[in-house]
Every structure is written in structure tokens, then in C-alpha cells.
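Please look over the sequence and the structure below before reading on. A short briefing comes after them.

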Amino acid sequence: MADTRVSQAGLRQRSAPAEPGSPAILFDRVGVSYGRGRKQTHALIDFNLRVAAGETVALLGPSGSGKSTALNALAGFVRPTSGRVRLAGHDVTDLPPARRGIGVVLQSYALFPHMTVADNVAFGLRAQRTPRHEIAPRVAEVLDMVGMSGYMKRLPRELSGGQQQRVAIARALAIRPAVLLLDEPLAALDAALRQSMLAELQLLKEALPDTAMLYVTHDQAEALALADRIVVMNDARLMDVDTAENLWKRPPTSFTAAFLGGANLLPCTVGRVIGSSALVTVGPRTVNAEAPAPALGHDDWGPGSAALLCVRPHALQIVSAREKDAFSATVNAAVWRGAVTRLVLSVQSLPDVLVDVDVPGHTPFEVGSVVGLRLPEPAGVLVSTGSTP
Amino acid sequence: MTTVLDRDVTTPADPAPPRSTAWLWVLPPLALVLLVVLYPLLRVFWESSTGNSWGDVLGSQVFRDALWRTVAIAATSTAGCLVLGTFLAIVLAFVPFPGSALVGRLIDTVLALPSFLITLAFTFLYGSAGAVNAAISAITGSSSPLLDFLYTPAGVITAEITFFTPFVVRPLLAVFALIPRAQLDVAASLGASPLTVLRSVIMPEAWPALAAGGSLVLLLTLNEFGIVLFTGAKGVITLPVLIYTRGIVTFDLPGAAVIATVQVVLSLLLYGLYRVIFARLTAR
């Protein structure tokens, strides 16, 4: 009942109810540009996305890729220059942010500094003229949800970064939004706090089974941990969209392969293809590889065609340089990262490629030493040749 | 351990650092301030205490009228500056329009001009033979000027509002620039109308700047002499004008000194208030 009320509060100018079966969020060929003529900059180009109720979708990409612009267009903070934005089937493209009923959590928290925690959380309820007797219980409920019940009378400046972010989340949830937007919510926190908040966001997601979440991040770990699906963006365009597992295991494009998990992309030539397997030639060796359906707009894997072999750094093995089935490689750098040691190798038979390899533990390698590099079986996944970040 | 302690005991104490004489450098500027600022004030106060000047002046109707008019004009002008300045600052900061930067710079320019110039400009605009009255006469055919407020308290207040409004706009713009855009966006997304955002998010941040700007304007309008003098309004006698009349025109120096002392006390009280508000603002 309460959810229905808030939906009406959010889109209270709507006359028709939510269209059955329509997605919670729909971007329909949305474009955002700034400036005119030769000074025109495209911040978002032809962006299409459907997000179902209860689904969490992460917009993942480097800075300037358009992910925050997409979020801002949905929230109503920027006006699309083309396309339409729909919430629960209703066109909200021309509605101001106040009439969209979307909860927004930003990297900077954006708490109102002169208001106490309780007043911050109650702000949206008061703005939507919620009856006074409903405000206090709702504020207490959401603050309890984020573990901030004991801080009601505090001012934002008296809280740590993590606590401020919790209050920002509670403030967004107080209005019971059908859609929750999170724009790099953990980016301003230190590493330990980020991990803790990530776990809390996972719990929050489970506690809000009907809320569609759009989560903007440039951190692939956050996207993998939270998202049901990941949208990979680059240069103001949507590059790929799929489940986190699919994008990780079978990245459709070289950009996604490199951006999501930092895969090695080894140039290869496709040989015989049988079903979803292929024999490919990498340098002087022929190996087995997985050949998924090519990405949209790319040709099928034809014998003799050029492709990239996507191999994750942890899948590669360092062996003796004398091993016959190994590539001979020189260690360019060895960096200890705690759980693994990251090696950067130059492979003699692949002159234009630097290969990253993760070796478990703290393993000392001398820079300039020659090692053997063995591909796994199957060696990796075929990826269409294309742009890399 | 004992050895170490013993050695510590026998170690000679460090010699005391030489006494600094740097504080002596404060004496020349202090003497200068005492001579240039404090002495004239004390001299005025001393002059005011001769005879029964205080009783004569404070009991006179002219003084009471001037005091009331000074405070009334200053308070009205300040209120006008606050209203107009807040409106202008909000428009300049949150309603982007082509040329807003130019308008901002023009406001800065007004701060650099002498106050009497505004009155002079008003004379050319709204005076009996000014451009506005000429235009009205051309349209209506009337021979007498329809707009005749320049030589009244309303004329002084209008001129003071025009001249002193930038003193309110500038600190407000500085505060508005510090309010993160994200706060306004989030407030709007939570369902707040622009008016609610202004009232609940923006203005609470701006109150100290508004109070500081208002205090400064009140202080300046209380002491304003150029605008009143240039208006030439016969009925508008303020404390500064009364000091001028008593001291320079009628040579009643003790009487002028009494009024000046009252003026100084008023100004210092207001300046104290301004400093308190400004300190609070800058401490945030």
C-alpha cells in the first residue's frame, strides 16, 4: 500500500496507472548533447536500455563514457536532446525531477549541511507533503535499515564519510522510490570502508526486491558484486550489456574484455570452427578456444579471419622456459599485489603485445629474466577485433 | 638506568633563549593609529563635553528628527537592498541567462564608483528636467514633471538602494557559488519545488552572508553623506548632514561634536555586529 502511495507521489501528475509488463526504466534512443555547431559535444549517443522492476543494472565505463549523463537524464537533471525516457511505461522526458519519484544517491552525499540526520531523511517526505504522523516512523525505519538509528540528531559534519553515505541512502529510500539511482556512491570512501559498504549495499538490494536500481561506477568489482546486468559504456555509447557472468566469461567486444577484468587480448587467426569451439593460431602455436556467437555488427568466425584471444591474467601459467608447449617470454615488471604477483611479460613470438600474468602469492621474479608462458586449455575466448580502452 | 639518570642530572641546563625585542616593532604603527584615529575621536568627545552641549543637543527637536530620519532612511534602504540584492543574486546564480556574467561585472563596477555619482545620474534621469520626465511630458503633453520624488526621503532611499545593493549581492553570490549543484539536484529529486529548494536548502546557507551584507549596508547608509547632500533635499536632514551644518555652516563645534559622538557610537555598535556576523560566516 505504501509503495503504491509513493509511486503516486513520485509521478503524481500521471493520470494513467503503470502499464502492465512495461519495464521500470526505459531509455529509448536517448541522446544528450551540449553546445551547438562545431562546439557541440555528445555526452550520450543513441542510448537504449530496459531495466525491470527489482533489477540492478550497473553502468560501467571510464570517465567521460556517458554513464553519469544517462543517470542524469533519467533523474531529470539534464534534458535529453533526443529520445524518450520512460518510468513504468510513462514518458517522463519532460517532467521535472521533483515529479519523477526517483531516489538519488550521489558520490558527494549531497546532504543538507544545516539539517540534522533526521531532517535530511525527512526532507523528501515533507516536500511531498506526507502526513506529519507518518514522517517520524518512516525516518526511524529507513535509518534503522542503514544502521544509523543512533545518529538522528547529528549534523552531517559530525559524521564520517561512510555514515554520511548511509544517511544519503536512507534519505533516498525514505520516499519509497520505485527507482533508485546510485552515482558512484562508494567512490569517495577509503578501500576498507568501500568493501564494508559494498556488502551493505548487497543486503540493501535484497531488502528492496521491487526497486529497480541503476548503479553508476567505474569500478568493475562493484559492478560484478552488485549488478544483475552490467552495461559497459565508452565514448558516450553503450558498448555491451549482459549479465555480469556472461560479460566476464564471454566478452562480446575487445573493449569490454579489457575494461572488465583487464583481460589479455592476443592477436590470433581463426582456423576450423566446430560449434562453439575453434582452433586458433597464436604466434607459432595452434590452440583450442571458445568461439561464442560474435558481437552484434561483427562477422562470424570465418576460417582465416583475424580475431583476438581473450585470456584472463590469472588463467595463464608461468613455467620453465624450456617447456616445449610454452611461449618464451621476458619479465618486464613484477609487482606484488598482496594475494598475487602481477607480471608484465613481452612474448618473443607476439612482438606487439604485453601480457599480464597473475602468479599466486608473493613470488620474486627478476626483471629481464626469461620464463615460459603456457596458455590454459581451452586457451580463452574469441573476441572480435575492435577498439580497446 | 641509574647511569643514564645520573648523566641527565649532571647535564647542564640549556641556557634561556635571549629575550625577543620583536614586540617593539608594534610601537610605531600603534603610535600612528593613536595619533591618526584615536586622537581625533577623543578630541571630538572632549569638544562635546564643553558646557551643556549634550543636554542642549539631545533635547533639541532637530537632533531627534535627524536621528529618527537617519535610522529610518538607513533601515528602509537596507531592507530594500536586502530584497533587491537577494533577488538579483538568486537570478544571477541560479537562473542562467545570456549576459549574466556581464551583469555580475557591472554590479562589481558599481562598487567602485563614488556614491554621489548615482545621485547625479538620478538627477539626469528622474530630475525635473531629466530624461524620464521629458519622455513622460512628450507622451502626455504635461508641462509639469510627473515624476517628482528625487528631492524627498524616497529619492534618497532609491539612490541608496541603487548604490548599496551590490554590497548585498556580492557576498550572496559568493555563498551561492559554494552550494554544490548536487544538493539542489537531490532536493529536486526528492520532490521539492524550486521554491522549497530556495527556502529549505539555499537560504539557510545564505543567512549569514545576508546578515553580514545587511549589517554592512546599514552601517554605510547610516553614515551616508554624499547621496543626501547631492540630492539637495531640503527636508531630508540626517545626522551626517546635521553635523556638517552645525560644524561648518553655523560653527557650533561642541554641538557638532555631540552629534558626531552619537554617530560614532552608533557606527561602532553596528560595526561590532557586522564583525560578529562576518566572523561566524567565515568560520563555517
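What follows describes two chains, their contact and a few single residues.

This is a predicted model, in which local features need pLDDT of at least 70, side-chain atom pairs count only at pLDDT 80 or more, and totals for chains, interfaces and linings use all residues. Residues are numbered from 1 along each chain as its sequence is written, chains are lettered from A and ligands numbered from 1 in the order in which they are written, and side-chain values use heavy atoms, with hydrogens and water left out.

**Chain B**

- Chain B holds 14 helices and 0 strands, where helices (H or I, at least four residues) and strands (E, at least two) are DSSP runs numbered from the N terminus.
- The C-alpha trace of chain B spans about 110 × 70 × 30 Å along its principal axes.
- Its radius of gyration is 27 Å, while a compact globule of 284 residues would have one near 19 Å; the radius is taken over C-alpha atoms, and the globule rule is 2.2 Å times the number of residues to the power 0.38.
- Of the 284 residues in chain B, 38% are buried; buried means under 20% relative accessible area, exposed over 50%, and partly exposed in between (1.4 Å probe, protein chains only).
- Among contacts in chain B with a separation of 6 or more, 74% join residues 24 or more positions apart, contact meaning heavy atoms within 4.5 Å.
- Chain B exposes about 16200 Å², and carbon and sulfur atoms supply 73% of this area; accessible areas come from the Shrake-Rupley method with a 1.4 Å probe, and for residues only the protein chains shown count as cover.
- There are 14 positive and 13 negative side chains in chain B, with the centres of the two sets 5 Å apart. Lys and Arg count as positive and Asp and Glu as negative, without His and the chain ends; the place of a charge is NZ of Lys, CZ of Arg, CG of Asp or CD of Glu.
- Thr70(B) sits in helix α4 (residues 61-94) and is buried, because its relative accessibility is 2%.
- Leaving aside residues up to four places away in sequence, Thr70(B) touches Leu222(B), Thr238(B), Leu239(B) and Pro240(B).

**Chain A**

- Chain A has 9 helices and 20 strands.
- A box of roughly 80 × 45 × 40 Å along the principal axes takes in the C-alpha atoms of chain A.
- Of its 389 residues, 49% count as buried.

**Contact between the chains**

- Chain B gives 14 residues to the contact and chain A gives 21.
- About 1500 Å² is buried between the two chains, 70% of it from carbon and sulfur atoms; buried area is the accessible area (1.4 Å probe) that two parts lose on being put together, summed over both.
- Val186(B), Ser189(B) and Leu190(B) supply 40% of the area that chain B buries against chain A, more than any other three residues.

**Backbone details in chain A**

- The peptide bond from Glu377(A) to Pro378(A) is cis, with omega near -5°, and Pro378(A) lies in the loop between β19 (370-374) and β20 (381-383).
- Ala88(A), not a glycine, has a positive phi of about 50°. Ala88(A) belongs to the loop between β4 (82-87) and β5 (90-91) and is partly exposed, at 23% relative accessible area.
- Glu184(A) also has a positive phi, near 45°. Glu184(A) is in the loop between β7 (179-183) and α6 (191-207) and is buried, with a relative accessible area of 10%.
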